[in-house]
Structure formats: C-alpha cells, structure tokens
Amino acid sequence: MAVRALQPKIERPLHRPLSGCDVTVIVPAYNEAESIASTIESLQSQTSPPREIIVVDDCSSDGTGNVARALGVTVIRPPTNTGSKAGAQTFALRHVHTALTVAVDADTVLQTDALERLLPAFEKPGVAAACGFVLPQRVQTLWERGRYVEYLFAFTYYKQVQECYGRPLISSGCFSMYRTAQLRVHGGWSNRTMAEDMDLTWSLYQGGNEVRFVPEAVCYPIEPRTFKLMGQQLRRWSHGFIQNVRLHWRGLLSVPYLRSAVAVAFWDATIAAALYLVLLPILAIVLRTPWVLLGYVIDAPAVLVPVIVGAVKRGEIGRALASIPAFFVLRTVNAIYFLRAAAAEFVLGRTLRVYEKGH
Amino acid sequence: MTPGIPGTGIGGLFYMLSAAALPLREGYRRLWSGVAAARWRVIAMQQLLAAGILGGMWTTGWLLGVLLSSARTHLVAGPVPASHNVWRTATFALSFATLIMVVCTVELMGFLARLRARRRERLASTQPTPIARAPRRIAAGGSRGRWLFLLLVAELVSAADPPRTVSQAQSATGRALARAESIYNTGDPEAAIDAYAAVLAIDPKNSRATYRLADLQRHKPARALPLFRRYVALEPKDLWGYLAVADMLSRLGRSDEALRWSDSALRLDPTERDAVLGKARVLARARRTDAALVAYRAWLATHPGDAEVWQELSRELVRAGRPGESVAALERSQALAPDPKVGRRLAVVRGLAAPAFTPLVAGSHDSDGNTIWRFGGALELGAAGPARFGIEGSRSHVGDGVSGADLDALALRTTWQPLAALRVDATGGGTRIEPLRAVAGSSAALEATGLIRARWRAPASRLGLDLRADRGVVDASPLLVANHVMRTQYSALLSARLAGPFTLRGIGKRATLSDSFEVNHKTMLSGVLAVAVKPSLELSAQLHQIHYDRASASGFFAPWGVQVVEAGTYFEIETPGSVVLAVDAGAGVQRVAQQLASQSPGGQPPGGGGGGPPPFGQPPTGMQAHTYGPWTAAFRLYALLDVPLAPGRAFRLELDSEDSQVATTAATSGQWRYGSVIASLRWAFP
C-alpha cells in the first residue's frame with residue numbers, strides 16, 4: 001500500500017471538546033453559480049460554524065468564484081481545471097490548518113446542526129471519517145424521486161446495519177468529515193478511480209482507521225433531474241465501484257464484515273443485475289406468460305418496509321409512496337449501467353478515466 | 001452511492017441476516033470486551049426492519065408462486081402439481097444458497113490471506129512475541145469447526161471494533177497495525193514508534209509500518225534513512241518513498257545522492273507536485289540556489305496559483321541577493337492565500353529591498369597608542385534587479401596622543417549579482433587627507449580609492465573563488481597618513497571541497513605599500529584545511545607565510561617574514577528572533593624573521609643594490625637562516641552581532657581584536673595588539 005505523504009504531521013491530542021473551530025470545509029465547485037450560495041449559507045448558519053470555508057473554484061466560467069467571494073468565504077482557484085472533484089478537493093487540502101476537514105459538494109445544503117452532529121464521532125482517536133444521512137434536495141422529476149427512495153432505503157437500512165458493525169461502506173462524497181492528518185497521510189482524495197469517496201473510505205479501513213455513519217447529520221444534495229444527467233452520474237458511480245473493487249480487493253480481505261458487504265454488493269451489481277435484466281424476460285418467453293415480468297417489482301414489499309419507516313420519521317410518507325414506482329425505473333437503469341461498466345472494465349478493458357459532472 | 005440493485009439479489013438477505021445477528025454480536029461484545037458501542041434502540045429498529053423485510057420476502061415468494069402456478073394452469077392442461085410453497089421455498093433457498101456461497105468464498109479468500117500472513121510471521125520469528133502468540137491461539141480455536149453456516153454467523157458476530165477487540169478474522173499484522181495506527185492518531189510519537197516496530201517484528205515487509213516508523217523519526221535522518229530505503233524496496237512504485245529518501249539524504253548533507261533519488265521520483269511521475277518541489281527543495285538545501293530558482297520558476301510557470309511555492313521562491317531569491325524580486329513573489333503568494341506569517345515575512349523582505357541609510361561609528365586602539373575614530377554612513381538605493389547602488393562616506397581621525405590626522409572618504413558603490421553563485425562588488429571614490437596640524441608644510445591631498453571584488457561559488461559549494469583588488473589609504477597611525485602611504489592589494493582565495501566535510505582553501509595576496517619615498521611589497525600565502533562539523537560550525541587548521549620584499553620598521557612593521565600556525569573556528573548562532581551571532585576566531589603560534597640581521601651599510605641588502613628583492617621564501621643574501629625568532633602566541637577574533645529591531649531596521653555590532661600578523665594589513669610594530677568596535681544601524685525607508 002502506498003503512503004502518499006511527504007511530510008505528514010502528527011496531530012496533537014485534542015483534550016477539549018471538538019467544535020467548529022476545529023473544522024475547515026472544502027467546497028469543490030465547477031460552474032456551480034446557481035447552487036453554491038445555498039451551500040455556503042447553509043454552512044455559515046451551522047450551529048457549530050466551521051473555522052473556514054474554502055471554495056475551490058475549479059476554473060468555472062459562470063462566475064462561481066465571484067458568488068462565493070461575495071459571501072465572504074475563502075476562494076482559491078487552481079491554475080487549470082483539476083479535472084475532477086477529487087483533484088479540486090486535494091488542491092484545497094494544503095490550505096487546511098484545522099484538525100478536521102469537511103468535504104461538501106457545491107450543490108449540497110446541510111441541516112443546520114449537521115456539523116455539530118458529526119463532531120462527537122471524532123472524540124474517539126481512531127475515527128478518521130464520518131458521514132451523514134443523505135436525502136435529495138429536490139424531489140420532483142422521475143429520477144429525483146427514484147433517488148429519493150433509493151436513499152431512504154439505503155440510509156435507513158443498509159447503512160444503519162453497516163454502522164452497527166462499524167463498517168459503513170462509503171463515507172459519502174457529498175458530505176463527510178475527515179481527520180485532516182489522515183487525509184494527508186493518504187494524499188487527500190485520489191483521482192485514480194471515478195469514486196474518490198469509496199476509494200478513500202476503503203483506504204482508511206485498510207489503514208486501521210474507523211469510519212462512522214451519523215444518521216442525525218443530514219445533508220441535501222441536488223440529484224440529477226434528467227435522464228442524461230442521471231446517466232452520467234450512474235456511469236461514473238458504476239465504473240468507480242468496479243475500479244475500487246479491482247484496486248482494493250486484496251486489502252479488503254483483512255477487513256471483517258466489509259469484505260462480505262463488498263462481495264455481496266459486487267454480486268448484486270454484476271451477476272444479480274444480469275439475472276435481473278436477462279432471466280426474467282427469458283422466463284417470460286419460455287413460459288410464455290407476461291406475468292413473470294412482475295418479478296421486476298415483486299420485491300416491492302421488501303423495499304417498502306425500510307422506505308416507509310424512513311419516511312415516517314420525516315413525515316414524508318406521501319412523497320415516499322408516490323415515488324416508489326420511480327425507484328423501480330431507476331433500479332433497472334442502474335442495473336444496466338452496472339452491467340455496462342462491468343463489461344467495459346473487465347471484458348473490454350476500457351477503464352473510465354474522464355470525470356463527467358453528473359448534474 | 002448504493003452499489004448493486006437494492007431490494008433484489010442477495011443484498012437484502014445479507015443485511016437482514018446482519019441485522020438479525022446484531023443482538024448476538026452485542027452480547028458477544030459485552031461478554032468478551034465489556035463494550036456496547038451500538039445503541040440498543042438502533043438494534044431494535046433494525047430487528048423490526050429485518051422482520052418486516054422477511055415478511056416482504058415471504059410475500060414475494062408467495063406472490064411469485066401464485067403467479068407462476070397461475071401461468072402454468074393456463075399453459076398446461078390438467079392439474080397443477082406444484083404448490084405455492086415450492087416457489088416460495090425455492091426462491092428463498094436460492095437466495096440463501098447464493099449468499100452463503102458468496103460470503104464463504106470471501107471468507108475462504110480472507111482465511112488464505114491470513115494463512116499467508118501467519119506463514120510470514122513464522123518465517124520472521126521462531127520465538128513469537130506476545131503480540132504474535134494471541135492470533136495463533138485464536139486461529140487454532142477457529143480451525144476446530146469451520147462449516148459454512150457457522151462461518152457466516154462467525155463473520156457477523158466477530159466483525160468487531162478493531163482497536164478494542166481481538167477479531168478472529170483479522171491477521172496478527174492487521175491487528176498490530178491497527179493498534180499502531182490508533183496510537184499514532186493519539187499523537188504519542190514515542191509509543192507509536194514502539195507499536196510500528198512491533199508490527200515489523202511480525203511482518204518485516206509491512207510497507208506501511210516501515211514508512212510510518214521512518215516518518216516518525218524524520219528528525220533523526222540517519223535512523224530514518226535505512227527505513228525509507230527499505231520502504232522503497234517494498235514499494236518501488238511509490239514516488240513518496242523516493243522523496244523521503246531524498247529528504248533524509250539532503251538533511252544529512254549528501255546532496256548528490258539526494259538529487260539522484262529526487263530524479264528517480266520525478267521519473268515515476270514528472271507532473272507530481274511533490275516530486276517537482278521535492279527536487280527543488282533538495283537543490284535549495286544544497287545551496288544550489290540558481291538551480292532551485294529554475295525549478296521553482298518552471299513549476300510556477302504552469303501553476304501560478306501555488307502560493308506555497310511562491311513563498312519558497314521568495315526565500316531563494318533572498319539567498320540569491322534579489323530582495324526586490326523576492327518581495328514580488330511574496331506579494332503574489334499573499335494575493336493568492338493571505339497568511340499572517342507570510343505577511344510578517346513580506347515586511348522583513350521589503351525592509352531588505354527598500355532604500356536604506358546606515359549610520360555607523362567606529363573606534364579602534366592599538367598597543368602603540370594609535371587611536372582611530374570614524375563616523376560615517378552609507379545610503380543604498382532600493383533593490384530592483386540584480387544590481388544595487390549606493391553611496392558611502394566617512395570622516396576619520398587618527399591620533400597617537402601627540403599628533404593627529406583626519407581623512408574624509410566618499411565613494412559610490414554597487415553590487416551586481418547576476419546569479420546566486422556570482423556576486424560582484426565595486427566601490428570607487430576618493431579619500432581626502434587633511435593637512436597635519438603638527439607638521440609644518442603639510443598639505444591636503446586627494447587619493448583615489450576603490451575596490452572591486454568578485455565572488456563565485458560553484459553549485460553545492462564544491463568550488464569557490466574570491467578575487468579582490470583594492471586601493472586605500474593606510475591609516476594605522478598619523479605618521480602613515482601624513483606620508484600618504486597607500487596600499488594596493490590583489491588577492492585570490494580558492495576553496496575546494498574535498499571528500500566529506502573537508503574543505504581546502506588556498507589564499508594568495510600581493511600588496512604594494514607605497515608613499516612618495518619608497519615602495520614595498522608584501523606577499524602572503526596561506527593554506528587552510530577546514531572541516532564543517534555542522535553547517536553552522538567549522539573548525540580549521542591554518543598555515544600562513546608572509547613576506548616583505550624590503551624589510552623595514554620605519555612607519556610600519558615589515559619584517560622579512562612571518563609564519564603563523566593556528567587553529568581556527570567559525571560559527572554562527574541564530575535565535576528564533578533572527579538575532580545572529582557570528583564568530584571567526586583563531587589561536588596558535590607565530591614567529592617573525594629578525595630583520596636587518598646583516599644589512600649592508602648603504603641600506604641596500606647584500607647581493608647588489610640593483611638586484612631587487614630576493615625570491616620569495618628565500619632569505620636575502622647575507623641573512624642567516626636562524627633569523628626567525630621564537631614562536632609566540634597568536635590570536636585573532638572577529639565577532640558580529642546582528643539584532644533585527646523591526647522590519648527594515650537592524651543594529652549591528654562588530655568586534656575585532658588581533659594579536660597576529662596575519663590579521664592585519666599593516667602593523668606598526670613587532671609587538672602590536674589591536675582592538676576595534678564598529679556599531680551601525682540600518683534603517684530602511686518605508
């Protein structure tokens with residue numbers, strides 16, 4: 001395992017309770033003039049406001065930097081576009097002088113106490129990263145609704161279980177807090193895969209660190225509104241997952257529970273996706289009955305349980321029920337993208353290297 | 001991001017079983033570790049969800065059975081043999097079997113990985129450490145029953161918090177490494193060093209522990225270097241390993257090796273910032289300032305927004321004698337990323353670059369009763385490029401208690417430093433010698449004075465050359481001033497670094513001392529062998545030989561020869577507040593050749609009046625070889641104290657004391673002692 005640090009610093013033990021003074025927020029932004037003001041305002045109105053907010057204006061052409069500057073935050077601009085969110089975040093890391101670093105997407109707003117909720121996780125020395133509950137900011141289009149149900153399901157059920165085992169699969173890239181020293185040890189966010197958050201999370205585990213999921217810390221990113229944008233995001237995510245499995249599988253074998261969770265996710269993303277997309281139509285043809293195609297939604301009761309539980313907590317049961325059909329559409333599209341990514345990465349040897357913005 | 005297709009496949013089942021196993025896991029943790037990290041409310045909620053999902057799955061299977069049976073009823077004539085339960089059971093069994101297969105495959109792979117780790121452990125140590133014994137016992141216990149279902153349950157139960165509990169599933173190395181990382185994160189470097197050493201005792205090829213152990217000892221480069229070298233052997237594709245080796249070699253003063261390692265890192269990734277800057281820093285530390293400037297500027301040409309590099313460039317520009325450009329670099333850095341520390345540094349460098357006035361007062365006294373007082377000052381213009389101009393002037397009074405002489409000096413001066421390695425200083429002007437009040441008929445005179453000096457230092461200080469030519473009034477006594485004795489001197493110093501910290505210096509000087517009546521020549525040859533104990537401390541052995549062509553004691557002491565052998569030292573001390581103390585001292589013995597031992601009555605040396613001076617190193621004809629007198633003590637001291645008062649303002653005090661013929665240009669007698677003090681205050685204009 002490579003250690004990407006020339007001179008990593010040894011962090012001082014923190015004897016006082018952590019607060020916003022220990023936090024620097026990095027907001028990578030490329031042409032985010034429309035959304036970045038909301039992001040910054042939500043950061044400035046935190047119950048435990050961060051010591052510094054650094055917006056990385058990644059050579060935007062829409063005045064993103066001016067919008068951010070007008071709100072009184074630090075704006076830095078790399079000489080050329082870094083090419084990825086990971087690059088922009090890592091560019092900003094050298095300007096961080098606090099023990100903790102938060103990465104927030106430029107289209108994500110935080111609940112007012114989100115930072116305060118994450119801080120206690122870092123009182124334990126071994127914790128290197130913590131993430132929160134993610135819900136779409138807007139739930140209007142088919143794709144946003146599909147994502148809404150997917151997040152409700154995953155963050156109410158999968159991630160909670162992972163947290164109980166101390167192994168959240170990913171510290172979400174749209175909003176996560178990190179111990180700065182550990183970030184530096186790992187050279188920040190790597191752009192060797194399309195999913196820098198997963199790459200970093202798994203690297204942290206292999207380094208003996210812990211990652212925490214704090215469901216009370218809620219953030220609201222803007223999700224892709226159109227099929228084109230959703231396709232770009234799914235392409236990036238699916239390739240990123242497969243690239244990370246290829247990169248980390250050997251190291252993950254020493255991380256209990258996570259190795260099984262990753263193996264199961266990999267099975268579902270490849271073999272199960274293939275069966276899902278191919279087996280049901282074949283069965284329908286062989287058995288000569290379209291009723292078999294109901295298999296695409298026949299697990300709805302199993303999906304509905306955690307989704308309804310999550311929605312009830314937020315008083316959004318109507319929105320959740322109305323969004324359930326969109327979930328099945330998104331799931332099918334998701335399966336297609338995962339299969340394409342698996343074919344490209346494993347069979348055709350075409351690794352995705354170009355980072356495309358998803359919205 | 002949710003990999004896979006949630007709800008379908010084996011993911012739902014996996015998490016359902018995980019949730020179902022949570023109470024078992026918590027009980028295990030409480031029993032064995034006394035820790036209950038997970039909240040029971042969360043666990044209870046997950047139980048409910050698992051139960052709900054189980055119900056959903058049952059419904060799924062039931063619906064599937066109903067639908068497919070219904071379809072068959074329409075397609076196949078006759079009774080339907082298959083019941084709904086068959087489909088439901090088959091669906092569940094298929095999912096469960098698949099899940100077991102996937103999980104067991106991963107567990108088997110993990111088990112094999114642990115086996116390999118244990119094999120390495122056995123090879124590494126035949127006497128296992130306490131850290132290594134524990135996993136063996138656990139592994140032995142684990143091997144008793146390893147059938148599939150229990151493996152799954154064991155996986156779920158034992159996925160515990162790594163820093164607090166011992167997991168069956170983790171290897172000894174993994175546990176030791178996790179423990180070391182945990183200690184490292186608490187910020188206790190000493191304990192972390194022990195912990196990483198323990199990891200290496202188990203797994204000597206663990207690259208992460210190797211790197212961390214080395215990194216924790218960066219302040220001890222000699223100790224860290226072999227560890228970083230080992231890390232490079234383990235991770236030959238990680239350029240940070242190469243950079244770390246280069247850094248350590250550089251700190252140890254092994255610049256050439258450090259540069260080779262930096263080049264290796266650059267070859268791995270020529271675009272990586274740390275690789276590019278790592279080499280620039282090695283160059284800077286090796287005092288290859290010009291090459292470092294090129295490296296920094298090349299990086300900034302493509303990355304002009306890198307504030308940190310602008311700061312480093314600024315530092316090198318100061319070293320290169322270009323404070324004006326250094327100011328511009330720091331201003332660029334501040335514009336990119338304002339930083340109070342850089343702001344303070346900027347104020348200091350602005351002070352160096354700004355126009356400044358430096359008043360000075362000096363006083364000296366020697367053992368022959370000569371006293372000199374000098375008042376003067378220098379005005380320097382602002383630094384804009386490689387050249388800097390100024391003007392200096394002084395008024396001196398030389399007295400011996402009986403008579404006195406006054407001198408007024410005015411000169412233009414310039415410093416030109418086209419490269420960090422090359423600096424040229426030039427001063428040109430005149431000195432007006434006032435008429436002596438005690439000497440009748442004495443008249444004022446204006447003498448041209450000047451100096452030109454060129455200093456060149458090869459990269460890494462391997463070779464240095466200092467050439468100097470100067471002309472000035474010899475003002476050691478009122479008599480010398482009254483006689484308008486001028487000294488024109490040419491000198492050269494060649495410095496060559498030998499192996500290791502040893503440096504050899506050769507010095508040659510040739511001076512002409514003249515007045516309106518006679519001319520004398522002084523030749524001096526010196527050899528110095530110096531050893532740099534530290535960058536700021538040098539010890540030396542010195543041998544000096546001085547020869548005057550015309551031995552004389554009239555006006556100034558000019559023996560036929562002087563030999564000096566001494567031990568010297570030079571050191572610098574800089575406090576955190578940038579107060580600098582530099583001391584150059586020497587102590588040894590000297591002996592003087594008795595002059596005029598057998599001079600001819602005509603005042604000409606034997607051998608003929610038109611024969612000129614004898615060859616250097618040979619006594620004049622008629623002079624006995626034993627004309628050298630006894631060895632006596634020799635001593636010299638020069639000390640400089642520089643106290644920065646504020647940005648652009650600094651007080652400087654220089655002390656000079658001599659009891660050595662080497663240290664002066666013109667002693668007035670054979671038993672000459674001398675001491676002087678110079679105080680100056682540099683005041684830059686804002």
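A:V55 touches A:V27, A:A29, A:I36, A:A68, A:V73, A:T74 and A:V75, leaving aside residues up to four places away in sequence; contact requires C-beta atoms, placed from the backbone, within 7 Å. The model is predicted: local features need pLDDT of at least 70 and side-chain atom pairs pLDDT 80 or more, while totals for chains, interfaces and linings use all residues. Residues are numbered from 1 along each chain as its sequence is written, and chains are lettered from A and ligands numbered from 1 in the order in which they are written.

A:V55 is, with A:V27 and A:V56, among the residues with the most contacts inside the largest nonpolar core, which has 135 residues. Such a core joins buried Ala, Val, Leu, Ile, Met, Phe, Trp, Tyr and Cys residues through C-beta atoms within 7 Å, buried meaning 20 or more other C-beta atoms within 10 Å of the residue's own. Helix α5 (residues 142-164) of chain A gives the most to this core, 12 residues. Another core, of 70 residues, lies apart and includes B:Y196 and B:V309.

| Helix pair | Axes within | Crossing angle |
|---|---|---|
| α8(A) and α9(A) | 11 Å | roughly 150° |
| α10(A) and α12(A) | 9 Å | roughly 120° |

The contact of α10(A) with α12(A) involves A:A273, A:A274, A:Y276 and A:L277 of α10(A) and A:A335, A:I336, A:F338 and A:L339 of α12(A).

Technical notes:
Axes are lines fitted to C-alpha atoms, for helices over the stretch in contact, and angles run from 0 to 180 degrees between N-to-C directions. Helices (H or I, at least four residues) and strands (E, at least two) are DSSP runs, numbered from the N terminus. Two residues are in contact if their C-beta atoms, placed from the backbone, lie within 7 Å. A residue is buried if 20 or more other C-beta atoms lie within 10 Å of its own, exposed if 12 or fewer, and partly exposed in between; C-beta atoms are placed from the backbone.
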